[in-house]
Amino acid sequence: MKEKFLIIKKKNYELIERQKQRKSKILRGYPYWLTIDPTNICNLKCVFCPTGQDRENYRPQVAMPLKMFKSIMGKIGAYLLYVEFCNWGEPLLNKNLPEMIKIAKNYGAKTFLSTNLNVKMDEKSAESLVLSGIERITISLDGASQETYEKYRRRGSFDLAIKNIQSLVEAKKRLNLKTPHLHWQFLVFKHNEHEIEKARAMSKIVGVDDIGFTAPFCSPEWVSTIDEYNNYLVKETPEGTKETTFKHADSKLCNWLWDAITVNADGSVSPCCSVEDKKDDFTNLKWWKPFFFTWNHPKFVKARAQFASKTRQPQSDSDNICVRCDHAGASNHKDITL
């Protein structure tokens, strides 16, 4: 961590944690986690992703200009412990991504990247990404064969992803670097659960640092038959119908409202990484507007107030997406370290 920002980050982190504990509605501290979308354009058509579904009234497709990213970091970079590059698009499609990562590193933030790794990568581009300083790359690869993989990652090439992993591994060796940590993320569905052990064995051959198997949020008919990879509970109603609910209790505190923020590719601000539609964004980052007023926008204040209430009840008709949220706390950040 850059020494000149260390004291600022430490004091801000401690302040935010105190305010989170008190469930303060107006925050004097700033978020220490930033999820930023370099672009919401994607080359794949993943089944449950709003980008892949080409939904109407979703979001205009854009790539974040480097100038905008610099402006954002100028506002909050000194406070950030973590910057995560990805949300609704494929970040490697933004040609400025390596430079963005370097800028975040200059502010002393730890950096992460999630990618489908289906962008053609030569030796130069692999080295550029490795040399950016990115600490961790999560590779979305849900299967151990093309047939299984493409059922969810439509238009995706399993072989291209594997080839690009090998290019990154080779680049790390050439440059004698231990980072980035390469993590294979395998979303477990009913159709690919039989390939878990095959993928585990393959991960050792291709050279990733580790592999993780994750329960996805998806339609019930796609859910794995293995309980630990199932996010849902199915109950029979008195009327004899079946009702599907999240395993996660909606009474959990959502840490996002106190310690994190999502900035979309066009500069709009969402309270978390799960806000699919632009109409549900809270505000926009303007270069002339102090960040304090963005962070304490009335919609943020209303959402914090709702979670501060001991009798929180989601309201389906609310104009505030946090109030309507039915999976609060399901994606809280873990393992935060200074």
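Student: What share of the chain's contacts with a separation of 6 or more comes from residues 24 or more positions apart?
Tutor: Such residues account for 69% of those contacts, where contact means heavy atoms within 4.5 Å. This is a predicted model, in which local features need pLDDT of at least 70 and side-chain atom pairs count only at pLDDT 80 or more, while totals for chains, interfaces and linings use all residues. Residues are numbered from 1 along each chain as its sequence is written, and side-chain values use heavy atoms, with hydrogens and water left out.

Student: How much of the chain is buried?
Tutor: Of the 338 residues, 53% count as buried, that is, under 20% relative accessible area with a 1.4 Å probe, protein chains only.

Student: And what does the C-alpha trace span?
Tutor: Along its principal axes, the trace spans about 60 × 50 × 35 Å.

Student: Changing topic, at what angle do H5 and H7 pack?
Tutor: Helix H5 (residues 123-131) and helix H7 (residues 158-175) pack at about 65°, and their axes are 9 Å apart. H5 is therefore roughly perpendicular to H7, a term that covers angles of 65 to 115 degrees. Helices here are DSSP runs of H or I with at least four residues, numbered from the N terminus. Axes are lines fitted to C-alpha atoms over the stretch in contact, and angles run from 0 to 180 degrees between N-to-C directions.

Student: Which residues make that contact?
Tutor: H5 contributes Glu123, Ala126, Glu127, Leu129, Val130 and Leu131. From H7 come Ser167, Leu168, Ala171, Lys172, Arg174 and Leu175.

Key
Helix = DSSP H or I, 4+ residues; strand = E, 2+ residues; numbered from the N terminus. Parallel < 35°, antiparallel > 145°, perpendicular 65-115°, else oblique. Buried < 20%, exposed > 50% of the residue type's maximum accessible area, 1.4 Å probe, protein only.
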